[in-house]
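Trainee: Could we go through this structure together? I would like to begin with strand pairing.

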Amino acid sequence: MAKLYFRYGAMGSSKTANILMVRYNYLEKGKKVALLKPDIENRDGKMKIKSRIGLEAECEYVSVFLKRFFSSPYELDAILIDEAQFMSKEEVEKFAYIVDIFEIPVLCYGLRTDFQTKLFPASKRLFELADVIEEIPTICFCGKKAQVNARVVDGKITTQGEQVMMGGNESYISLCRKHYYRGISKKSEE
Ligand SMILES: [Zn+2]
């Protein structure tokens, strides 16, 4: 039976490297795979998924794929989606439908929560619908499990602003809950 997977992790948990390795394993066995990302996610340039360790691959936008697939469904061994938190709830539901009706496994990789510790709408829907939920762990500078994605602007952790900010000068770091709430982003600030 095909399943809907949600593999979530904080920033820096190598989700993209993971998805590219999974894709490679499928391709190596002669399988057909669709590699997708939500339309909103384009910080790596158009139609490409790139990991911090240098792996990259061509991909297709979620909306373009869904339109094409539903107008003319075709055989696939797996659908892999990076940055899945940026999908719409409706898109998550469409992929659940694809799993059930077309029996294609769909593997979604993404963040659980935003920089204010709130669930992304698509992540919430994935927690509600996924058959398999797996955490990809990463650690805070203190060595504890990191579960919060802190937004850093001009070197300081900020908790104000829009859930999704594209092309800004902000960056993100993953912290444990304690260090997030204390506003401490590195060892030297303790
Ligand atoms: Zn910590």
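Trainee: Which residue stands opposite Ile-79 in strand 7?

Mentor: Ile-79 stands opposite Val-106. Strands here are DSSP runs of E with at least two residues, helices are runs of H or I with at least four residues, and both are numbered from the N terminus. Please note that this is a predicted model: local features need pLDDT of at least 70, side-chain atom pairs count only at pLDDT 80 or more, and totals for chains, interfaces and linings use all residues. Residues are numbered from 1 along each chain as its sequence is written.

Trainee: How many bridges are there between strand 6 and strand 7, and in which sense do they pair?

Mentor: There are 3 bridges, and strand 6 and strand 7 pair in the parallel sense. Two strands count as paired if DSSP finds at least two bridges between them.

Trainee: What is the order of the strands in the open sheet?

Mentor: The order is 5-2-6-7-1-8, with 6 strands in parallel pairing. Strand 5 (60-61) and strand 8 (132-135) are the edge strands, each pairing on one side only.

Trainee: Back to Ile-79. What is it in contact with, leaving aside its neighbours within four places in sequence?

Mentor: Ile-79 is in contact with Ala-34, Leu-36, Phe-95, Ile-98, Ile-104 and Val-106. Contact requires C-beta atoms, placed from the backbone, to lie within 7 Å.

Trainee: Which residues touch the most other members of the largest nonpolar core?

Mentor: They are Leu-36, Ile-79, Leu-80, Ile-81, Val-106, Cys-108 and Leu-175, in a core of 45 residues. Such a core is a set of buried Ala, Val, Leu, Ile, Met, Phe, Trp, Tyr and Cys residues joined through C-beta atoms within 7 Å. Domain 1 (4-135) and domain 2 (148-189) both give residues to this core, so it lies between them.

Trainee: How far apart are the C-alpha centres of domain 1 and domain 2?

Mentor: They lie 25 Å apart. The contact takes 12 residues from domain 1 and 11 residues from domain 2. The domain bounds come from an automatic or database domain assignment.

Trainee: Changing topic, which residues of helix 3 are buried?

Mentor: Glu-91, Val-92, Phe-95, Ile-98 and Val-99 are buried. They lie on the same side of helix 3, because they cover an arc of only 110° around the axis. The arc is that of the directions from the helix axis to the C-beta atoms. A residue is buried if 20 or more other C-beta atoms lie within 10 Å of its own, exposed if 12 or fewer, and partly exposed in between, with C-beta atoms placed from the backbone.

Trainee: And what do the buried residues of helix 3 pack against?

Mentor: They pack against strand 1, helix 2 (62-71), strand 6 (78-81), strand 7 and helix 4. On the face turned away from the buried side, helix 3 carries the exposed residues Glu-90 and Ile-101.

Trainee: What follows helix 3?

Mentor: Glu-103 follows, and its phi is positive, near 55°.

Trainee: Lys-89 is in helix 3 too. Where does it make contacts, leaving aside its neighbours within four places in sequence?

Mentor: Lys-89 is in contact with Pro-121, Ala-122 and Arg-125. Lys-89 and Ser-123 are 34 residues apart in sequence, and their C-alpha atoms are 8.5 Å apart in space. Lys-89 counts as partly exposed because it has 15 C-beta neighbours inside 10 Å.

Trainee: Which residues are buried in helix 4?

Mentor: In helix 4 (residues 121-129), the buried residues are Ala-122, Ser-123, Arg-125 and Leu-126. Their arc around the axis is only 160°, which puts them on the same side of helix 4. Their cover includes strand 1 (4-8), helix 3 (89-102) and strand 7 (106-110).

Trainee: One more topic: what do strand 9 and strand 10 form?

Mentor: They form a hairpin with 2 residues between them, and Asp-154 in the turn has a positive phi of about 50°. Strand 9 and strand 10 (residues 156-158) run antiparallel and are joined by 3 bridges. The bridge partner of Val-153 in strand 10 is Lys-156.

Trainee: In which sense do strand 9 and strand 11 pair?

Mentor: Strand 9 (residues 148-153) and strand 11 (residues 171-175) pair in the antiparallel sense over 5 bridges. Asn-149 stands opposite Ser-174 in strand 11.

Methods. Two residues are in contact if their C-beta atoms, placed from the backbone, lie within 7 Å.
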